[in-house]
Amino acid sequence: MQLFVLHKIIAEAMMPDWMRFVLRYLVATLLCFTLASIAHSQMVLWGLQQQAIVIPPFERLQMTLSDWWGLLPTYGSVIAVGLLIALLVATWLSRKTGPWGGLVFGLAGAVALLSILLAMQPIMDITLIAGARSHMGLLLQVSAGFIGGLVFYWLRKKPKRHFD
């Protein structure tokens with residue numbers, strides 16, 4: 001419900017197109033980072049549980065919030081740059097794709113996260129995001145990018161139709 005209200009505010013606001021773009025970008029980036037951070041934390045905690053370590057729900061929540069805050073300046077910044085490039089390219093491509101626009105933005109976000117994670121491996125010789133070291137963890141990170149791209153697309157100003 002909150003996202004629907006946000007969509008109405010962004011889509012109907014009397015603001016320049018570039019400002020609407022920036023707002024959509026910030027919302028999509030924050031959501032993408034939040035989902036990626038949560039997925040990272042939960043994969044790490046799941047790995048600990050596989051080692052018979054008991055993690056109470058409150059500590060799980062506390063660790064997740066701590067990871068979100070701790071990863072924001074680094075992983076959040078990298079996601080912000082990667083998504084910006086991907087969404088700018090998707091905006092250009094969407095003018096040529098017609099009804100497939102939403103898929104283009106979702107795929108752009110997914111490719112951005114996949115590229116970020118794959119680029120870290122040879123540079124640092126380790127996957128810095130521990131939650132992305134398994135296939136499932138990588139899939140969750142890429143899914144966060146896909147959702148971020150879809151939300152960016154969904155928050156656009158939709159053209160008025162004759163019967164709306």
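Which residue takes a positive phi just after helix 3? Select glycine 98: its phi is about 65°. Keep in mind throughout that this is a predicted model.

**Stop 1: along helix 3**

Now select residues 57-97, which form helix 3.

Next, go to leucine 72. Here helix 3 bends by about 70°. Then show proline 73, the proline that follows within four residues of the bend.

**Stop 2: helix 2 against helix 3**

Angles over 145 degrees would count as roughly antiparallel, and 65 to 115 as roughly perpendicular. Helix 2 and helix 3 are therefore oblique to each other. Turn the view to follow the crossing: helix 2 passes helix 3 in a right-handed sense.

Colour the residues of this contact by type. Those between helix 2 and helix 3 comprise 21 nonpolar, ten polar and two charged.

**Stop 3: glutamine 141**

Move on to helix 5, residues 135-154, and pick out glutamine 141 within it. Is glutamine 141 buried or exposed? Its relative accessible area is 0%, so glutamine 141 is buried.

Alanine 110 and glutamine 141 are 31 residues apart along the chain. Their C-alpha atoms are separated by 8.1 Å.

Notes
Residues are numbered from 1 along each chain as its sequence is written. This is a predicted model: local features need pLDDT of at least 70, side-chain atom pairs count only at pLDDT 80 or more; totals for chains, interfaces and linings use all residues. Side-chain values use heavy atoms; hydrogens and water are left out. Axes are lines fitted to C-alpha atoms, for helices over the stretch in contact, and angles run from 0 to 180 degrees between N-to-C directions. Helices (H or I, at least four residues) and strands (E, at least two) are DSSP runs, numbered from the N terminus. Angles under 35 degrees count as roughly parallel, over 145 as roughly antiparallel, 65 to 115 as roughly perpendicular and the rest as oblique. A crossing is left-handed if the near helix is turned anticlockwise from the far one by less than a right angle, and right-handed if clockwise. Ala, Val, Leu, Ile, Met, Phe, Trp, Tyr, Cys and Pro count as nonpolar, Asp, Glu, Lys and Arg as charged, and the others, Gly among them, as polar. The bend at a residue is the angle between axes fitted to the seven residues ending there and the seven starting there. Buried means under 20% relative accessible area, exposed over 50%, partly exposed in between (1.4 Å probe, protein chains only).
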